[in-house]
There are 2 protein chains.
Amino acid sequence: MLIEKTVSGFLDEVASNSAAPGGGSIAALAGALGAGLTSMVCRLTVGKKKYADVEAEMQQLLRQAEDIRAEFTRLIEKDTEAFNSVMRAFSLPKDDDDQKNFRSGAIQEATKSAALVPLQVMELCERTLPLALEVATKGNVNSVSDAGVAAEMLRAACISAALNVRINLGTIQDDSFVHDTSLKAKSILTSVDQKSVEILHHVNAVIGSNIRS
Amino acid sequence: MLIEKTVSGFLDEVASNSAAPGGGSIAALAGALGAGLTSMVCRLTVGKKKYADVEAEMQQLLRQAEDIRAEFTRLIEKDTEAFNSVMRAFSLPKDDDDQKNFRSGAIQEATKSAALVPLQVMELCERTLPLALEVATKGNVNSVSDAGVAAEMLRAACISAALNVRINLGTIQDDSFVHDTSLKAKSILTSVDQKSVEILHHVNAVIGSNIRS
């Protein structure tokens, strides 16, 4: 399992001459880092007298962020599996028409799955950003930069996943699948971009009020 | 060592109720992922007949990207160490004026170091993006989305590191240090933003020419 490798070993694997894990798994990992930082700020807020008013809300945000982090973590693996399935379909025999048809159908199915995994990453990013906004505005102010980093990781995860959705759509012949998936991806991208910019502005305003530059 | 933890264990550590590893180390990790993907695209390009014209260039880009990846990887650890040094300085005794002065000086020095580590991350992002642009435009076109993800990771790493530079500048009393560091960070942010947007446009154009959405 990729997530059982050391961070150092995972980075070596990314940099290796194998296409997997590639951008899709990295997008899921960036999402998991964003959700993880959101959880961290929740945990650095709960139990503190100064933040007693938001204690219950932070506890709830923490549960949600941890559930999402687990989903992102599963998708790190799933994206690489989906990519490998596409490669396996391409390597099916194509000696006669029956084989060619079977292979072509298998490639189409595997590529659809490979497009849907990064779409799931995008959906998770969209679900996590409202949590990151809450912790950025109501959580422990000493950790406000961490909430900002969470937002940046989620935005980068979403844009990265979108590239992986689109590159897979390029070889899918089912027009309505391409159309629907593409529309969903565009809508999520817009929403994630707006929300992450909102968080970054807030975080920069809080930090900026403390420095004299 | 953080990088000797499993990916799964590292994510748990990020999400835990300890402030380190926090946004600064995550920024360095995102940078390492960006450099790693850049290396991967180089390795998926070299040795291929179709890309014989750029073979030497890709070999050189690979060496540069791998050197930078090693530096980013060191900074994952170094950022957490710098943060812990600030915490240790804050916990020094402050029973009399001598102790207070010593403690205050130690806090200032440790915080300067904690600002300079993310500044190094930013400088590395600025050095890596031209490599990512080369691989996006000249490398294996099948991996163009990975070059795009590399650019996104580097941009997110840089913006994240900038937040960590700025939050540390907030408590530094040396005005010329604050001024100089802040200027450097702003200049890098502008350059990194431009370059990463340029790469993303290119990648989207290449991918977009293949899909009918």
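Where in chain A is Pro21(A) found? In this predicted model, Pro21(A) sits in the loop between helix 1 and helix 2 of chain A. The peptide bond that joins Ala20(A) to Pro21(A) is cis, with omega at about -5 degrees. Chain B has a cis peptide bond from Ala20(B) to Pro21(B), where omega is near 0 degrees. Pro21(B) is placed in the loop between helix 1 (7-15) and helix 2 (23-43) of chain B. Most peptide bonds are trans.

The interface involves 67 residues of chain A, which are in contact with 66 residues of chain B. About 5,300 Å² is buried between chain A and chain B, and carbon and sulfur atoms give 67% of this area. Between the two chains, 16 residue pairs are in polar contact, both residues being at pLDDT 80 or more. On the chain A side, at least two residues are supplied by each of helix 1 (7-15), helix 2 (23-43), helix 3 (55-90), helix 5 (144-169) and helix 6 (175-208). Helix 5 of chain A gives the largest share of the side that touches chain B, namely 16 residues. When sorted by class, the side of chain A that touches chain B comprises 32 nonpolar, 22 polar and 13 charged residues.

The count of salt bridges between chain A and chain B is 2. One salt bridge is formed by the side chains of Asp12(B) and Arg69(A), with an N to O distance of 3.0 Å.

The surroundings of Glu66(B) include residues of both chains. Glu66(B) belongs to helix 3 (residues 55-90) of chain B, and its side chain is joined to that of Arg69(B) by a polar contact of 2.9 Å. When residues up to four places away in sequence are not counted, Glu66(B) touches Ser39(B) and Arg43(B) in chain B, and Ala15(A) in chain A.

Note on methods. Residues numbered from 1 in each chain as written. Chains lettered and ligands numbered in written order. Predicted model: local features only at pLDDT ≥ 70, side-chain atom pairs only at ≥ 80, totals over all residues. Heavy atoms only, no water. Contact = heavy atoms within 4.5 Å. Buried area = accessible area lost by both parts, 1.4 Å probe. Salt bridge = Lys/Arg side-chain N within 4 Å of Asp/Glu carboxyl O. Polar contact = N/O pair within 3.5 Å; in protein donor to acceptor, adjacent residues only side chain to side chain. Helix = DSSP H or I, 4+ residues; strand = E, 2+ residues; numbered from the N terminus. Nonpolar A, V, L, I, M, F, W, Y, C, P; charged D, E, K, R; others polar.
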